Amino acid sequence: MSTKKTDLVSIIILVLVLGLTQTAFAFGVSPPFVKNEHLLRDSHFEQTICLTQTDPKEEYRAELEFSPELSEIKNWIAIDKGMEFTIPAGVQQFPLKIAVAVPQDAKLGEYQGYIWISGKPEKEGLVTTIAGGTIKVVLKITDKEFSDWQLRDLGVRNLAKDEKTLKVYLKVENLGNVKTRPSRVHLDIYDNYHQNLLNSGNDTELEWILPFQTKEIIAEFPVDLEPAQQYWAEIEVYKDGEILLADKRRFNVGEIAKNVGEIAKTEVSSIQVSKPLEESGTGLKLGFLKSRVFLFSLLGIVLVVGLGFGIRQIRKSGIGLEIKMKKKTEKRS
Amino acid sequence: MAEKIRKILPAFLILILVAVTIGEIRADVETPSTSGQVNNVAPSVSGVNLADADSGDIGLTENTTTTVYCTATITDTNGGADISSCTAVIYRSGVAGGAGCTPNNNNCYSVSSANCTLGSAVGNDKNATATAYIYFHADPTDTGTYATAQGYDSQTWQCQLKGIDAANASSTATDSTPPDITTLTALNTDSSITYDALNPGSNMASTSIALNATTTGNVPIDVQLRGDDMTYGATGTIAVGNQKYATSTAAWASGTALTTNYINLEVDMAKPTTSPSDSTDIIYWGWQVPSGTPSGTYSGTNYINAVED
């Protein structure tokens with residue numbers, strides 16, 4: 001288009017920026033997609049998306065919009081915060097839960113599109129550039145069953161003093177469209193030194209996890225362990241009969257004194273290796289002087305020496321010879 | 001006299017024997033008759049878990065760091081008090097060298113003992129928490145386009161925590177259920193566009209107004225753009241299509257007209273590898289003013305979103 005003057009007074013149109021030229025606007029989305037390739041009809045699926053801003057000095061008024069490609073399925077999609085919401089100032093990570101409920105009569109196939117997140121201008125009348133986010137949506141409706149899961153966390157919690165069931169906690173994410181669960185959890189319990197096997201067991205009756213859900217389930221094992229002790233739990237988790245993971249965890253039964261370790265260390269150090277000869281030598285000498293064995297030994301030595309001295313004197317005086325002669329005479333007679 | 005001594009002698013000997021025996025027994029009770037050496041045993045590490053504040057996968061924050069925690073239990077049979085320090089390495093599982101990787105904010109973070117805290121000794125154990133600050137451009141390992149293309153989708157982010165005792169003996173363990181770092185698309189842009197003043201019925205010769213854009217996530221991106229009509233007062237309107245954009249200072253006719261719907265623009269901004277981000281680009285803008293437009297200060301809003309390339 002060429003430049004030309006109108007019949008009106010020449011008009012200068014200005015777009016004022018009002019001091020915003022040096023500032024910047026930032027926005028992030030993680031993950032920037034909602035994906036599921038294994039959705040059955042009448043299934044339900046949720047995903048949490050995090051909206052992020054580095055330096056959110058002001059609130060962010062967000063408006064969500066589905067791209068035209070999603071018009072056919074937008075009624076399946078629900079967003080926990082609604083289509084308009086405000087991210088408060090100061091919040092760097094703002095979670096957004098997107099739920100997909102596939103109707104019974106959904107057509108099989110793949111659906112793709114975007115959910116756009118746009119910021120609303122904070123102050124009307126300014127020309128602004130607002131950064132927002134785009135969430136890609138890829139949903140595939142299928143009639144094929146798909147089973148898969150992954151372990152997200154594993155733990156053993158301490159037992160109370162009289163508790164007789166050890167619980168192994170498994171956080172399992174069902175990635176498939178049918179219910180699932182680990183096929184087996186095996187547990188070996190060892191003593192504090194990880195040397196003696198105290199208990200073994202299996203749990204094959206674990207709770208089912210519904211499609212696309214993440215849930216903490218519990219494997220239970222009857223135990224009878226001494227209280228105020230620490231133990232090792234060696235855990236094996238099986239998937240379809242194959243071992244998926246083997247790991248170990250520490251646990252306590254009852255209260256463990258917080259300074260037990262320090263006391264143990266002190267006791268050990270009295271016969272420790274740092275100066276073993278000096279320490280044991282000194283200890284033995286002092287102990288001996290203080291003990292009764294010294295007194296009894298001294299008494300014994302005095303008695304033996306005295307006895308020896310007495311016999312010697314008797315022999316010198318001839319009494320001993322007289323006794324010997326007398327004995328011989330008695331035998332002959 | 002000799003007869004007397006002969007009679008008394010066995011009694012004396014028995015008395016001495018009893019005395020010595022009692023003395024020996026007492027000695028066993030009261031004095032250490034043995035000494036021994038207790039060897040130092042290296043501590044063992046168990047229950048390693050890497051997570052961010054809300055557990056689960058690690059979601060990064062654009063243009064800054066995100067705090068993650070690597071926790072574990074350190075056990076020392078010499079007593080919990082013998083555990084003296086801990087360190088950790090947090091890394092993308094496929095990075096060269098694994099836990100021996102060279103520190104790099106894209107894929108390998110070394111946590112020194114200063115950032116690895118120990119709890120109180122409980123029996124033979126101490127809890128350890130290594131804290132790391134993961135940059136926005138750390139490699140993603142989820143199923144995003146970039147992560148899949150790089151083969152990172154089969155990897156995770158791992159933590160290897162080392163427990164160290166007073167004799168400097170140590171051992172390590174890793175997380176058996178390691179998380180992913182999720183894809184982060186993010187964009188930091190100038191907050192406004194200032195067009196040249198024009199007379200009605202005229203346009204800029206080219207798209208020459210620069211809008212600076214910086215990628216502040218962990219993947220390459222393109223952008224999507226849309227705009228609102230510009231308005232002035234109750235009646236002045238300049239339709240959105242009178243703004244054009246391009247990836248260079250193109251002649252006016254070559255620019256792409258802005259629409260009210262988001263449209264992709266291939267800017268191919270690379271994945272940042274440093275902080276501040278080293279992935280920047282400029283989108284060039286221009287406008288025209290239709291004939292018959294009342295004079296005034298027109299305002300509007302343009303929207304720019306990052307989308308994974």
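This report covers the confidence, domains, cores and selected loop residues of a predicted model.

## Chain A: confidence and make-up

The mean pLDDT of chain A is 78, and 68% of its residues score at least 70. Two stretches of chain A stay under 50. One is residues 1-22, for which the model has 48 contacts beyond four places in sequence. The other is residues 318-333, with 7 contacts beyond four places in sequence.

Chain A contains 4 helices and 17 strands. Buried residues make up 28% of its 333 residues. When contacts in chain A between residues at least 6 apart in sequence are considered, 71% of them join residues at least 24 apart.

## Domains of chain A

Two domains are assigned in chain A: domain 1 spans 28-141 and domain 2 spans 149-253. Taken over C-alpha atoms, the centres of domain 1 of chain A and domain 2 of chain A are separated by 37 Å. Domain 1 of chain A contributes 5 residues to the contact, and domain 2 of chain A contributes 4 residues. On the side of domain 1 of chain A that touches domain 2 of chain A, 3 residues are nonpolar, 2 are polar and none is charged.

## Nonpolar cores

The largest nonpolar core consists of 92 residues. Those with the most contacts inside this core are B:Cys70, B:Ala88, B:Ile90, B:Ala130, B:Leu161 and B:Leu187. With neighbours within four places in sequence left aside, B:Leu187 is in contact with A:Ala26, A:Phe27 and A:Ala131 in chain A. In chain B, the contacts of B:Leu187 are B:Ala213, B:Thr215, B:Thr216, B:Ile221, B:Val223, B:Ile304 and B:Ala306.

Another core, of 22 residues, lies apart from the largest one. Its members include A:Leu154, A:Leu166, A:Ile189 and A:Ile209.

## Cis peptide bonds

In chain A, the peptide bond from A:Ser30 to A:Pro31 is cis, with omega near -10 degrees. A:Pro31 belongs to the loop between β2 (24-30) and β3 (33-39) of chain A.

In chain B, the bond from B:Ser275 to B:Pro276 is also cis, and its omega is near 0 degrees. The loop that holds B:Pro276 runs between β17 (263-269) and β18 (280-289) of chain B.

A:Phe212 is not a glycine, but its phi is positive, near 60 degrees. This residue sits in the loop between β14 (197-203) and β15 (214-222) of chain A. A:Phe212 counts as partly exposed because 19 other C-beta atoms lie within 10 Å, whereas a buried residue needs 20 or more.

B:Asn63, likewise not a glycine, has a positive phi of about 65 degrees. B:Asn63 is placed in the loop between β1 (44-52) and β2 (65-75) of chain B. There are 27 C-beta neighbours inside 10 Å, so B:Asn63 is classed as buried.

## The loop residue B:Pro140

B:Pro140 is part of the loop between β6 (125-135) and α2 (145-150) of chain B. B:Pro140 is buried because 32 other C-beta atoms lie within 10 Å.

Not counting residues up to four places away in sequence, B:Pro140 touches B:Tyr146, B:Ala147, B:Tyr152, B:Ile181, B:Thr182, B:Thr183, B:Asn218 and B:Val219. B:Thr75 is 65 residues from B:Pro140 along the chain, and the C-alpha atoms of the two are separated by 33 Å.

Note on methods. Residues numbered from 1 in each chain as written. Chains lettered and ligands numbered in written order. Predicted model: local features only at pLDDT ≥ 70, side-chain atom pairs only at ≥ 80, totals over all residues. Domains from an automatic or database assignment. Nonpolar A, V, L, I, M, F, W, Y, C, P; charged D, E, K, R; others polar. Core = buried A, V, L, I, M, F, W, Y, C linked by C-beta atoms within 7 Å. Buried ≥ 20, exposed ≤ 12 C-beta atoms within 10 Å, placed from the backbone. Helix = DSSP H or I, 4+ residues; strand = E, 2+ residues; numbered from the N terminus. pLDDT = per-residue confidence, 0-100.
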